[in-house]
Amino acid sequence: MKKNKKTALITGANRGIGKAIAEEFVKKGIQIIGTSTTQNGVNIINKYLKENGFGLVLNLNNTDSIIQNIKNISKKYSIDILINNAGIKKDNLLIKMTDKDWNDVIKTNLTSIFHLIKYVLQSMIKKRYGRIITISSIIGYTGNKGQVNYSASKSGLIGFHKSLALEVASKGITVNIVSPGFIKTDFIKTLNLMQYQKYLSQIPMQRLGYAKEVANAVMFLASEKSSYITGHTLHVNGGMFMI
């Protein structure tokens, strides 16, 4: 990896939306540091990135892992673009939801982003440039039965990013959210046929979105074309939810 090229750190880059984002960035000459929770995921990242970056194991449920990895990366590379993409679901009705299911989702989907941004932000402020983009979800706006933990984590990102955008707006750093609707990824594989048809009927475009369509939105917010946009949520949902 070359130090004179822009560098993007993308969590959950081994599949789905994260992989699609990384592939679009590579086309624009941006080098990638992609994360996965497993070594197998890292191998996948290394295989498709080739000379355009590398993968590393990052446990978003472990604060020490986040801090140490960011410190190690910062010794060699300056992160210009941070894409918070990785997330988990542990669905259940609230009355049946365990403390662990609540805490794991909040810690991975919300608290980890606090730590990632905090330690990446220092170098961005120093060079007075940065792009922070986080993948949220339509569920953060609409809610969904059986997903109080997931919905709370994604809703929390909205206020977090608006406040952060105000804090760093004068420092050349933009902070935005991309909020996908139902996208063809592993996340929807848990739906049965009835659930699938129900959600499809709620989408005016009458189809699911593609990971590349989310990646295109992220690419725009990471580019100079969006230099006057911050604190914004860009919805990519086929008209399922409008605000």
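These are my notebook entries on a few sites I looked up in this predicted model.

**Ground rules**

I number residues from 1 along each chain as its sequence is written, and side-chain values use heavy atoms, with hydrogens and water left out. Since the model is predicted, local features need pLDDT of at least 70 and side-chain atom pairs count only at pLDDT 80 or more, while totals for chains, interfaces and linings use all residues.

**Entry 1: the annotated sites**

I started with UniProt, where an unreviewed entry gives "binding site" for G12, A13, N14, R15, T37, N85, Y150, S151, A152, S153, K154 and I183. UniProt positions are in the numbering used here, feature names are shortened, and annotations may be inferred rather than shown by experiment. For "active site", the unreviewed UniProt entry lists Y150.

**Entry 2: T37**

I found T37 in the loop between β2 (31-36) and α2 (39-49); helices (H or I, at least four residues) and strands (E, at least two) are DSSP runs, numbered from the N terminus. T37 counts as exposed because its relative accessibility is 59% (buried means under 20% relative accessible area, exposed over 50%, partly exposed in between, with a 1.4 Å probe and protein chains only). Not counting residues up to four places away in sequence, T37 touches V57 and L58 (contact means heavy atoms within 4.5 Å).

**Entry 3: helix α6**

Next I went to α6, residues 148-168, which holds S153. S153 is buried, with a relative accessible area of 0%. Which residues is S153 in contact with, leaving aside neighbours within four places in sequence? They are V105, I106, N109 and L110. The side chains of S153 and N109 are also joined by a polar contact of 3.3 Å (a pair of N or O atoms within 3.5 Å; within protein, one must be able to donate a hydrogen and the other to accept it, and residues adjacent in sequence count only if both atoms are side-chain atoms).

Y150 is in helix α6 too, and at 7% relative accessibility Y150 counts as buried. L166 also lies in α6, but L166 is exposed, at 73%.

**Entry 4: the second largest pocket**

I then checked the second largest pocket, with about 160 Å³ of space. On a 1 Å grid over the protein atoms alone, a pocket is an open set of points where a 1.4 Å probe fits, with protein on both sides within 12 Å along at least five of seven lines; lining residues have an atom within 4 Å of a point. Grid points are joined across faces, edges and corners, and the volume is the space filled by probe spheres set on the points.

Its lining is F182, I183, I203, M205, R207, L208, G209, E213, V236, N237 and G238. E213 and L166 are 28 Å apart, C-alpha to C-alpha, and 47 residues apart in sequence.

Most residues other than glycine have a negative phi. I noted K50, not a glycine, with a positive phi of about 55 degrees. K50 lies in the loop between α2 and β3 (53-57) and counts as exposed at 60%. Q206 is not a glycine either, and has a positive phi of about 60 degrees. Q206 sits in the loop between α7 (193-201) and α8 (211-222) and is exposed, at 64%.
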